[in-house]
Amino acid sequence: MLLNQFLLLSAVLFAIGVYGVLARRNGVLVLMSIELILNAVNLNLVAFGAFRETVGGEVFALFVIAVAAAEVGVGLAMVLLLYRNRRSIDLTQIDQLRG
Amino acid sequence: MTELFTIAASTDGGGLALGITEGGNWFLRNVWLIPLLPALSFVGILFFGKRMPRGGSELGVASLGIAFLLAVVTGAAWVDHRDDYHGEEVYRAVVVHDAHADAHADDHGGGHGHPSLAVHRTATWFQTNGVEFTVGTLVDGPAVMMLLVVTLVSLLVHVYSTDYVHGDRRYTHFFAFLSLFSASMLLLVVSENTLQLLCAWELVGVCSFVLIGHWWEEKPNSDAALKAFLTNRVGDMGLLVGVTVLFFAVGSALPDRFGSFSIAETNALASSGALSHTTLLIASCCLMAAVMSKSGQFFLHTWLPDAMAGPTPVSALIHAATMVVAGVFMIARMYGVFFEGFQIDGSSINLMAFIGGLTTIVGACLAFVQRDIKKVLAYSTISQLGYMVMALGVGAWTAAMFHLFTHAFFKACLFLGSGSVSHAVHSFDMKSDMGGLRKHMPHTYRTFMIGTVALAGLPPLAGFWSKDEILVGTGGWGLLGGTGGNGAYTLMLGMGMLTAALTAAYMTRCVYLTFFGEFRGHGQPHESGPRITVPLWILAGLAVVAGFMNLPKGFQMAPGSFQERFGHFVEPVAGYFPAISHGTPSWSLAVVSTLVVVGGIAAAGWYYFVKVEAASKTAGTSLTELPDGPTTKYPLARMGHTLLANKYYLDHLYNGVVVDGTKGPVARFAYRINQQVIDRTVDLVGETAVKAGVTVYEKVDQLVVDGAVNASGSASSATGEELRKINSGKVQSYAAILFAAATVLAGVLIVIV
């Protein structure tokens, strides 16, 4: 089994996710980018688990998926509230904690 | 020249025999119980006395009673021990400088037969730098004798005081210090080393200060207490120096020790010739200063008559029977040192004998001009203490101890008698408030007469025997036998004879003024209660019989087994005691001294009982002196009287010349020092401090401290100003920093690992 392809794919997904988090202004898209990062990590876990022939990787991936679901739930709720209050989900405008 | 070698310690004759033993009867080994009892009583009275039904006096009486019983048992144990103990003697290795001293050490103590080993017991007191200081007891003849005397007189004084100071505002306090005084004196008596002796000595001094100043609300009393204390300080300095000198001197003679306070070692070394004569002379002179202040020797005696300001039982206890004899006892204890230091053997005069002899005459003369009955007795005490010191000075050790023993009884009797009189007439003034008391106070009169006759030294009362022995001890009676003392102290014999006459005369005067003629005071005097008269009778009884304890050797009227019992049991025959020779008693000396006494009584009796009595009859009132007596008729007699009335101007000398002479210049000097040195220094220090403060404020505080604080403040402010730009509030910029940092850290991780 070749590990490289999975790792490369995972790295590409991670990089796309990071770009999304940093560059996109839409809150929902930022959340989706976070999902991408998490899934890139999941892919790494599963790939290494298969490579090492243990179930540890899949188990951790399952945990991450569960936590990611919860996180998205919270994140989407926050975005929804933001929209209700400000009629916008542009993250660059939310800077009340500026020092 | 002198070869230095060490004799190894062993028990078969090698080393220096100290004349002490670690064994012995239980009572002799545990004699520390005797001082402990009154000490406990002191603490008990102090804390619980006020709550007791009799104000703590019962505790004092009980503790002294038990202590007296213990002392009696100890005395019995000593009598047994003296003759029948054959235990192991303690030897000490010493550094010997030449063979001569070695031989001297070996022959010492040999001629007296079986040595009377003193019972020695020590415990470690404290240790510093490997030098061990001990406390302990050294029980021998004089210690046992003193234990008996002190406990007995103290017990009687305690009983007497329960009546005498009854209702006093500091009744409890009085008994507490009476107990402490007894405890310190008992501690002094059994002290094993000079350091312990010094502590007890100071304790005795403090107690005397407290008790003399018992009624301190009146200025003369507190002045008297201060005078006693300060005069004693003068001598205590000598004691301190003497003890220190001996400590190092003994240390230089012991190979394994740095120094030693041990009395037995000091005396044994002094007697063996291992210590240099110069050292011993210096030490003796220093110790002599202590004796002069404590035992009221001329010219430091001035505190003793003033000390009569204290309550009379205190005078009896402290200034007749016990405290003032501490000095005499100290000489007796350190006799090895004095014997060698003053070279008592084979000379005809020395400092101690001369001071003693002078004191007897000086004190006796002063007793003639006193109005105060207690002061007569006080000067008489000075005179008798001089007798004891003189006896020690001429080498009549046993006679001195014996005189101490008998004097304790008859002088305590006289003091308590004078207290009884003053209790009745509320005054001490013989001339204005007494007279004719023999009818009103029969018990006091009889006991006082017995005490007087004993003090005057008429046979067969106690004073005769001890005084006679002292006169014998001078060894100066070459004409009619009575020779063989330690030297030819003819001058001392003369002084002793003169004092015997003077003593008889002034006591006759005192008795006449107090008990004969007509009552000159106010009110109706009455006899004191049993708690006063019973102790008086006990002491009077002892004053009669105490003399029989040391009948002279070769006395034809008594069997040999009754002769010299006191000397046999009290005088140590041991390594730590010098080999003194004893004078041979003679009938002629006894007869002459008795005639001298009778002459003194006759002269004073003729003046008072015949002339003054007759003059009183003609005048119709009770006179105390002739209106045209010798002091009015002869200028020389008047001058003498003035001199005596002013106490030889010694107080003027001390207060006017010594005290004022030092006080003025010292005060001026101190003022100048104060103004010019201390004040200037203080000013200078102050100004410098201000300058330094300004400098510190400007340079250090403002620049360094404030600068540092301000700089740190502005630095953090500037940093914050910069850092707040990062804190944009934008989530994505945070995330960017996060990722950038993570990347950098990951890169670092890769590079390092």
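**Close-up views of a predicted two-chain model**

**View 1. Where chain B meets chain A.** Ten residues of chain B are in contact with ten residues of chain A. On the chain B side, the touching residues comprise four nonpolar, four polar and two charged. The model is predicted.

**View 2. Helix 1 and helix 2 of chain A pack against each other.** Helix 1 covers residues 4–23 of chain A, and helix 2 covers residues 27–52. Their axes lie 8 Å apart, at an angle of about 160 degrees. Angles over 145 degrees count as roughly antiparallel, so helix 1 and helix 2 of chain A are roughly antiparallel to each other. The crossing is left-handed. From helix 1 of chain A, the contact includes Phe6(A), Leu9(A), Leu13(A), Phe14(A), Gly17(A) and Val21(A). From helix 2 of chain A, the contributors include Leu29(A), Ser33(A), Leu36(A), Asn39(A), Ala40(A) and Leu43(A). By class, the residues of this contact are 17 nonpolar and six polar, with no charged.

**View 3. Helix 8 and helix 9 of chain B cross.** Helix 8 spans residues 219–253 of chain B, and helix 9 spans residues 263–272. The two axes come within 10 Å and cross at roughly 65 degrees. That makes helix 8 of chain B roughly perpendicular to helix 9 of chain B. The crossing of this pair is left-handed. Helix 8 of chain B brings Leu246(B), Val250(B) and Ala253(B) to the contact. Helix 9 of chain B brings Glu265(B), Thr266(B) and Leu269(B). The contact counts four nonpolar, one polar and one charged residues.

**View 4. A three-strand sheet in chain B.** The sheet is open, with strand order 3-6-7 and mixed pairing. Strand 3 (20–21) and strand 7 of chain B stand at the edges. Each has a single partner strand, so one side of each is left without a neighbour in the sheet. Strand 3 of chain B pairs with strand 6 of chain B in the parallel sense, over two bridges. Here Thr21(B) stands opposite Val119(B) in strand 6 of chain B.

View 5. Strand 6 runs over residues 118–128 of chain B, and strand 7 over residues 131–139. They pair in the antiparallel sense over nine bridges. Gln127(B) stands opposite Glu132(B) in strand 7 of chain B. The hairpin has two residues between the strands. Asn129(B) takes a positive phi near 55 degrees.

**View 6. Helix 13 of chain B is mostly covered.** This helix comprises residues 325–333 of chain B, and nine of its nine residues are buried. The buried residues include Val325(B), Val328(B), Phe329(B), Met330(B) and Ile331(B). Ala326(B), Gly327(B), Ala332(B) and Arg333(B) are buried as well.

**View 7. Pro535(B) in its setting.** Pro535(B) sits in helix 23 (residues 530–545) of chain B. A residue counts as buried if 20 or more other C-beta atoms lie within 10 Å of its own. Pro535(B) has 27 other C-beta atoms within 10 Å, so Pro535(B) is buried. Not counting residues up to four places away in sequence, Pro535(B) touches Leu156(B), Val159(B), Tyr160(B) and Leu416(B). Ala326(B) is 209 residues apart from Pro535(B) along the chain. The C-alpha atoms of Ala326(B) and Pro535(B) are separated by 23 Å.

Methods. Residues numbered from 1 in each chain as written. Chains lettered and ligands numbered in written order. Predicted model: local features only at pLDDT ≥ 70, side-chain atom pairs only at ≥ 80, totals over all residues. Axes fitted to C-alpha atoms, helices over the stretch in contact; angles between N-to-C directions. Helix = DSSP H or I, 4+ residues; strand = E, 2+ residues; numbered from the N terminus. Parallel < 35°, antiparallel > 145°, perpendicular 65-115°, else oblique. Left-handed = near helix turned anticlockwise from the far one by under 90°. Contact = placed C-beta atoms within 7 Å. Nonpolar A, V, L, I, M, F, W, Y, C, P; charged D, E, K, R; others polar. Pairing = 2+ DSSP bridges. Buried ≥ 20, exposed ≤ 12 C-beta atoms within 10 Å, placed from the backbone.
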